[in-house]
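Hi everyone, thanks for coming. Please have a look at the picture on the screen, and then I'll walk you through a few of its contacts.

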Amino acid sequence: MRLAQELGDSHREGCVCLQMGNLHGAMSFHRHALDIFESLGDRHCGAYTLQSMAGLQVTRGELAPASAALERSLEIFQELGDRSGAASTTQLLGELHRSAGRTVLARDYLKHASELRRDLPVRTS
């Protein structure tokens, strides 16, 4: 946490708070990080921050705001051509809808996430 603070890395501070079980602190740091990314015009990091925030919102039972954050994240990844980010966000949307009992919508998102991943280049070590 100290290193993240020294670097001024609010996103990382949020991740550390989450690992420590401090959901309120994690959300606060993620919101601050999103504000910073948006002020810098860094939509890519902003989209990943929205993913993280959505995960926190799901944990807190806030499914509607989580869905909205993921939809916004997905839109950004699609606009930027980040298929990996789009795939992971689509997967999260599928899981969110499945947990909310929206099985048909969940299936569609999960199928699309699988298709996106299939088209990604294979990484080798």
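Let's begin with a term: a salt bridge is a side-chain nitrogen of Lys or Arg within 4 Å of a carboxyl oxygen of Asp or Glu. Before I use it, please keep in mind that this is a predicted model, where local features need pLDDT of at least 70, side-chain atom pairs count only at pLDDT 80 or more, and totals for chains, interfaces and linings use all residues. Residues are numbered from 1 along each chain as its sequence is written, and side-chain values use heavy atoms, with hydrogens and water left out.

So, how many salt bridges does the structure hold? There are 3. In one of them, arginine 72 meets glutamate 38, at 2.1 Å from N to O. Arginine 72 sits in helix H5 (residues 63-80) and glutamate 38 in helix H3 (residues 23-40), so this pair ties together parts 34 residues apart in sequence. When I say helix, I mean a DSSP run of H or I with at least four residues, numbered from the N terminus.

Another bridge joins arginine 43 and glutamate 79, with their closest N and O atoms 2.2 Å apart. Arginine 43 belongs to helix H4 (residues 43-59) and glutamate 79 to H5, so parts 36 residues apart in sequence are tied together. Then there is glutamate 62 with arginine 60, where the closest N and O atoms are 3.2 Å apart. Glutamate 62 is partly exposed at 25%, and arginine 60 is partly exposed at 34%.

Now to helix packing. Two packed helices are described by the angle between their axes and the distance between the axes. Helix H6 (residues 83-99) packs with helix H7 (residues 103-118) at about 160 degrees, their axes 8 Å apart. That makes H6 roughly antiparallel to H7, a label for angles over 145 degrees. Axes are lines fitted to C-alpha atoms over the stretch in contact, and angles run from 0 to 180 degrees between N-to-C directions.

Which residues make the contact? Among them are Ala87, Gln91 and Leu93 of H6, and Leu105, Tyr109 and Leu116 of H7. Contact means heavy atoms within 4.5 Å.

Technical notes. Helix = DSSP H or I, 4+ residues; strand = E, 2+ residues; numbered from the N terminus. Parallel < 35°, antiparallel > 145°, perpendicular 65-115°, else oblique. Buried < 20%, exposed > 50% of the residue type's maximum accessible area, 1.4 Å probe, protein only.
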